[in-house]
Structures are given as C-alpha cells and as structure tokens.
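Hello,

Here is the structure for you to look through. My notes on it follow below.

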Amino acid sequence: MRTITATHVKYYHVCHRKLWLFDRDLWMEHTSEAVAGGELLHQTAYPQRAERYKEVSIGGSKIDFYDPHRRVIHEIKTSQKLEESHIAQLKYYLWLLEEAGVEGPTALLEYPKLRQTLAVALTPADRADIPQWLTRIQQLQSDNTPCPPTINKPFCRQCSYYEFCYVGE
Amino acid sequence: MRKTYYLFNPGRLSRKDNTLQYTAYDEQGLPGQVKYLPIMDVADLYVFGSLDANSSLYNFLGKNGVSVHFFDYYEHYTGSFMAKEYLLAGKLQVQQTQHYTSKTKRIALARKFVEGSAFNLLKNLRYYQSRGRDVAAHIDQIEGYVAALPFANAVPELMGLEGNIRQTYYSGFDRLVPTDYAFGTRTTQPPQNELNALMSFGNMLCYSACLSQIYHTQLNPTISFLHEPGTRRFSLALDLAEIFKPLLVDRLIFRVLNKREIRPNDFVQDLGRCVLKEPAKKTVVRVFEERLKETIQHRSLKRSVSYQHLIKLECYKLTKHLMQMEEYKPFKAWW
Ligand code: SF4
C-alpha cells in the first residue's frame, strides 16, 4: 500500500485529478510562489512558539505545531479559500492521533493575517467518514485508475496545474 | 523570471557569496571588466567563449538548479553540466520508455512531430505567398508529402518524408530572402554558405531553448521518438525543436536578412566552412531572445504566453500523452 500523506487528504477534498497527478510525482508546486509564501508565514508568524510545540511525525504526515500536554494541534493558513480541505486535513491528523492512542485531541485552524481562529474536533460522523476517504484515495493511487477529468471550477485558475490541465492543443 | 545568459567572450566565472562574478579577459588575456549576476536571476548559461571556472562554482550552480551548456568555436553543441535532476517522476519515466520501445506508440508520436513541423513551415510559406512571393509549387509539393505521412509506418520512412519536406521548403528560401544569398542545398557539416551558417546557428539556439524548457519539466530529455535517442545526448529537444524551428528560427532568418540586420560581410569563410562573425552572432542571439519573450494570446488558457512558454506547454502536452491522459496534438500556429 502506498503512503497517504496529509497532502493527499487535502487534495482529495479539492480535486481528485490534482491528487492523481500529485501522487504520480508530477509536481508543479516547485515553481509556485504561493507555496514559498506559505512556508515563510510558518517561519515568521509565531517566532517564540517553539517552546511549547513539538513537530510530530505520524503515519507519514508531519504535524508542525503540536502541544502534547494540551493535545492541541495548531495549523496556520494564509487564507480561508479552500477552508473545507484545511479542515479535512486537520481531521485526518486528529484521526491519526486517536488511532495512535491519544485521547480527545483537538485542533485550531489559524489565519494570522485575518486574525481568525477556528476550533476543529473529531465527530462520530468523521470517524466513520475518514476510512472511506482513505479507501477512495487508495483507489486513485492504483495504477489502473485513469486520471479523473478536470473539474472546471473557478479555483482551477489558481491551481498550479491550471496550464497543465487546460493547455488544449 | 529567471533568464538565460549567453557568454561569448573568454573570462572567469566564480562564486561571490550568493552572486556570480564574471571577469572578462581582454585581448592580452588579462582580467578586465567585472560583472555581477544574482544567482536567482539565472535560469541557465550558454558558453561560447572559453570559460575558466572551478568545481566550487559548479557546486554552487548545481545547488541552485542552473545548468551550463557548452559550444565549440563553430557553435556546435559539445555538452552540458546539468544540475541534479530534481524533478524526475518514476511513473512518467516508465511511460516515456514504453512509448519509445513500442513500435506503434513510437511512430504515432513521431508522426505528430513531423505533422506539427510541416504545418508551421507551410504557414511561413503561405504568409509569403499572400505577399506576392511565388512559392505555390513548393506548397503543393509539401502538401503531397504531408498527405503521405499517415501511411509511413516506420520511423526511417517518416524521417525520409521529413527530409523531403525540408528540402522542398529550403529550396523556396531563395525567393524569400535578398538576392545576395543563394541557398543551394542544405549543408550542415560544415555549413558551406551564409544561409546555411545562419540556419545552423539558429537551429542550435532553438535546440538549446527546447532543452532548457524540457529540463524544467519532468520529461527525460534523453528519450526521444522521432530522432533516435543518442543522435545527440538530449534528443528529445531535437523532436520538440522540429515544431518550433519554423516560428523561432526561419522567421528570424527572413527578418534579419530582409531588414539587413545581417549583411553578407557578417560572415567569414574558414577552412571550407562558413561562420558568422562575433557581432553578427550577438545580433542573432538578441533577436532570438526577443522572439522568445514575445507573447501571444493563448486560445484555451485565455492568458498571454511567451514563445518560450509555448515550448514548456508542449512539454505538458507530451507528458499528458505519455501518462495516457490526453492524446498529443502538436502545436500549430493559430494566428
Ligand atoms: S487545474 Fe482544476 S482540474 Fe486541474 S488539477 Fe487543478 S483543480 Fe484539478
């Protein structure tokens, strides 16, 4: 079985085609300014946080800010665009922690630029859904699965695969 | 945007913190003028003159993804220093190889390159035909060869047709450039007259531009379909160049000769071969670079893209074909 990372989960909620391409190492992100911007935000937004938070690797994913005493994950994002997929990603982390025996972990999704914070917790419905996401992601990873079609959504214009997907002739 | 830099004069290139330092040598071989280039501005380097450099410079270039391509005195491509291949994708590699080894898959792709090339060169001829140059017979003849393309079922056959198309096309050149130039036949090794010299130089620039773009995608530049891999080390660039030569090189030749930016005395005969003089080379490179940066409105992307970027888009289309996502349709100038 191939590894499923948090990025897989995030893309699964954005576009299955994007997930399919990403999983085959057809990456476009290296040229994307947005990615570089996101990394910088991590380094500069909370310089004095290092004390309390730990970087944790779990199930092939890396959680950047985890407070093991309070069992809280902090995730920092630049904008609320694609918020659904950010929430999904956090739920996946929470699920991984629970599977590893951590009791009642919670998460905070923060938008420092917008001065907004959103609390995320795992519901019984999530616990039923997440294994289904994972089954579907595994299907998309399989060699026999053809690339899903383009989604033709406004989001595509901002996606790093835009030109790849829509170049036409 | 990172840029391609061309080094014509002899000199020394070294690292100075996060900057490249280029010291040109004067006629006596003594260090002269010094120039600085921030590494983040450099996409790749093309070296025509002799260049002194040490391994720490190459480590620095490699870490920053900058490749260096070398050319001899006659502008023949001699080799490259390639930064570590940071983008290779396993499944694409496997597919690219399979499309080469399968006879039917390979010919299908090879045919597309010839089709794209023929379409674009016919476009050039038609443009001149509409402006009163009589190349109707050439157009007819080429269309005949194009009609035969679907029936070629081996790569050498396809190459043969490709050769015929080019010969016919070149034989029309005499009508498109000033009368000082007679094309005769196309001679490559060595180029024997001015037009051939100009064409060899231009084709080399086009090949290099394709190589740079391939290098910024995940395709393997050594596995090609129309040209036999190994014809040159990076033969996929030759395949792609076929499609872009009519737009990037041939139109450049018509322009510099018709506008007299290049004149007969810009060439020298040297040991049975014709070469462009130094200042003329710079002119050609400048016009070529301008051309690469020129933009057109892309039909399906609805954004303006440069010619250089069109080459990269072609790499994406090829990737999609190889990954069995979408059949490759070669770029055809639509304007
Ligand atoms: S451009 Fe649109 S269709 Fe293509 S991967 Fe991105 S989101 Fe999916």
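How many bridges join strand 2 of chain A to strand 3 of chain A, and do they run parallel or antiparallel? Three bridges join them, and the two strands run antiparallel. Two strands pair if DSSP finds at least two bridges between them. Helices (H or I, at least four residues) and strands (E, at least two) are DSSP runs, numbered from the N terminus.

This is a predicted model: local features need pLDDT of at least 70, side-chain atom pairs count only at pLDDT 80 or more, and totals for chains, interfaces and linings use all residues. Residues are numbered from 1 along each chain as its sequence is written, chains are lettered from A and ligands numbered from 1 in the order written, and side-chain values use heavy atoms, without hydrogens and water.

Back to the hairpin. Four residues lie between strand 2 and strand 3 of chain A. In the turn, A:Arg71 has a positive phi of about 55°. A:Phe65 has A:His74 as its bridge partner in strand 3.

Strand 3 of chain A covers residues 72–76. A:Val72, A:His74 and A:Ile76 are on one side. A:Ile73 and A:Glu75 are on the other.

Strand 3 also meets strand 4 (residues 106–111) of chain A. Five bridges join these two, which run parallel. A:Glu75 is partnered with A:Leu109 in strand 4.

Best wishes

Definitions and conventions:
Buried means under 20% relative accessible area, exposed over 50%, partly exposed in between (1.4 Å probe, protein chains only).
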